[in-house]
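Work through the exercises below with the model open. Try each task before reading its solution.

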Amino acid sequence: MQTYLLSQQFNTRSLAENSTACPANATICNGTSCILPEDNFNETLSIILSAVLTTMLALVMFSMGCNVEPKKFWGHIKRPWGIFVGFLCQFGIMPLSAFLLSLIFNVLPIQAVVVLIIGCCPGGTTSNIIAYWVDGDMDLSISMTTCSTLLAMGMMPLCLFVYTKMWTDSNAIVLPYDSIGISLVSLVIPVSFGVYVNHRWPSKAKVILKIGSFVGAILIVITAVVGGILYKGSWIISPKLWIIGTLFPAAGYSLGFLLARIAGLSWRRCRTVSLETGMQNTQLCSAIIQLSFTPEQLELMFTFPLVYSIFQLLFALLILAGYRIYRRHRVKTKTDVEKTEEKEDSKSMSSHAKINGGFVSNETK
């Protein structure tokens with residue numbers, strides 16, 4: 001009888017401990033180990049976020065297209081020197097920088113692969129927004145983003161094959177061509193409508209552009225905040241990857257600007273190439289690693305695209321702030337000087353025309 005009572009007390013105590021250790025909504029309890037039903041909050045939030053961001057991104061790219069002039073855009077396509085320089089930066093500088101940083105910091109093979117995937121990705125659409133704010137060449141910016149996304153279908157497999165051989169089999173990396181295609185379509189279609197609106201209704205295009213730039217700022221903030229909520233449990237990462245995530249975008253911006261300047265591009269095009277080089281499509285990188293690696297491997301690498309996106313945005317905002325301070329403290333910008341010189345030249349030519357019988361050179365027409 002005493003043994004029965006002790007057993008009953010033990011069972012009662014065990015149940016009490018289990019009820020204390022396991023939440024009420026646990027489906028299976030074994031001692032202190034419980035299995036909880038899946039929390040659908042993140043999944044629901046992710047779906048809602050994707051729908052909102054896709055809509056906002058389409059509006060932003062439509063408004064960016066309203067700042068593109070068809071003649072200038074076509075000029076970049078016919079004389080693609082700027083696009084070629086951007087191509088060298090995007091698929092030359094970035095993969096090589098990723099490779100060297102992985103070697104210097106001696107990261108794990110699986111971590112080196114994710115750094116290389118980031119380096120081989122095409123440019124992101126956020127660069128178009130920042131390029132507009134720093135008075136960059138929007139025609140070049142959009143043509144570079146479009147071309148890099150299109151060329152990524154061939155250049156990403158090639159770069160990954162060349163640079164990942166010492167760490168993994170490049171065939172193990174699955175490239176989501178459908179995601180690349182969707183990125184391309186979501187870029188080209190809204191921009192095309194914006195270019196058409198700018199061609200037909202220039203005054204309305206200016207209003208749309210102002211609204212779109214404001215929406216672009218909101219888009220960047222929402223992406224950063226909600227991304228932090230969705231991945232709040234994923235910030236345990238090797239210190240080496242934090243350092244690489246800081247240095248990598250800074251190297252992209254700096255080397256992109258330097259190469260563009262060496263290539264003889266104007267200052268505004270140098271700023272554009274710099275932003276297009278440093279800003280990568282981190283969403284595409286996240287899709288690639290989720291398709292290619294096991295959950296155990298993802299624990300070591302999944303957070304790196306998030307770290308890179310934080311620092312690429314942070315450095316881009318610093319570039320923007322620095323440029324705005326420079327503009328504010330300068331009495332006349334180079335553009336203003338050029339406009340003043342053009343006006344003075346036209347006045348002198350008109351006065352000269354009166355003297356020489358009304359002849360005006362074709363260069364001033």
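## Exercise 1: Charges over rings

Arg261 sits over the face of Trp267, 3.8 Å from the ring centre. This is a predicted model, where local features need pLDDT of at least 70, side-chain atom pairs count only at pLDDT 80 or more, and totals for chains, interfaces and linings use all residues. Residues are numbered from 1 along each chain as its sequence is written, and side-chain values use heavy atoms, with hydrogens and water left out.

Task: Over the face of which residue does Arg200 lie?

Solution. Apply the rule: NZ of Lys or CZ of Arg must be within 6 Å of the ring centre and within 35 degrees of the ring normal. Arg200 lies over the face of Trp201, at 5.1 Å from the ring centre.

## Exercise 2: Aromatic pairs

Task: How many aromatic pairs does the rule give? Classify Trp242 with Phe311, then Phe248 with Tyr308.

Solution. Start with the rule. Rings of Phe, Tyr and Trp (its six-membered ring) pair if their centres lie within 6.5 Å; planes under 30 degrees apart are stacked, over 60 edge-to-face, the rest tilted. The count is eight aromatic pairs.

Step 1. The ring centres of Trp242 and Phe311 are 6.3 Å apart and the planes stand at 85 degrees, so this pair is edge-to-face. Trp242 belongs to helix 10 (residues 239-262) and Phe311 to helix 14 (residues 304-328), 69 residues apart. Helices here are DSSP runs (H or I, at least four residues), numbered from the N terminus.

Step 2. Check accessibility. Buried means under 20% relative accessible area, exposed over 50%, partly exposed in between (1.4 Å probe, protein chains only). Trp242 is partly exposed at 30%. Phe311 is buried at 16%.

Step 3. For Phe248 and Tyr308, the centres are 5.4 Å apart and the planes at 75 degrees, so the pair is edge-to-face. Phe248 is in helix 10 and Tyr308 in helix 14, 60 residues apart. Phe248 has a relative accessible area of 0% and is buried. Tyr308 is buried, at 0%.

Notes:
Helices (H or I, at least four residues) and strands (E, at least two) are DSSP runs, numbered from the N terminus.
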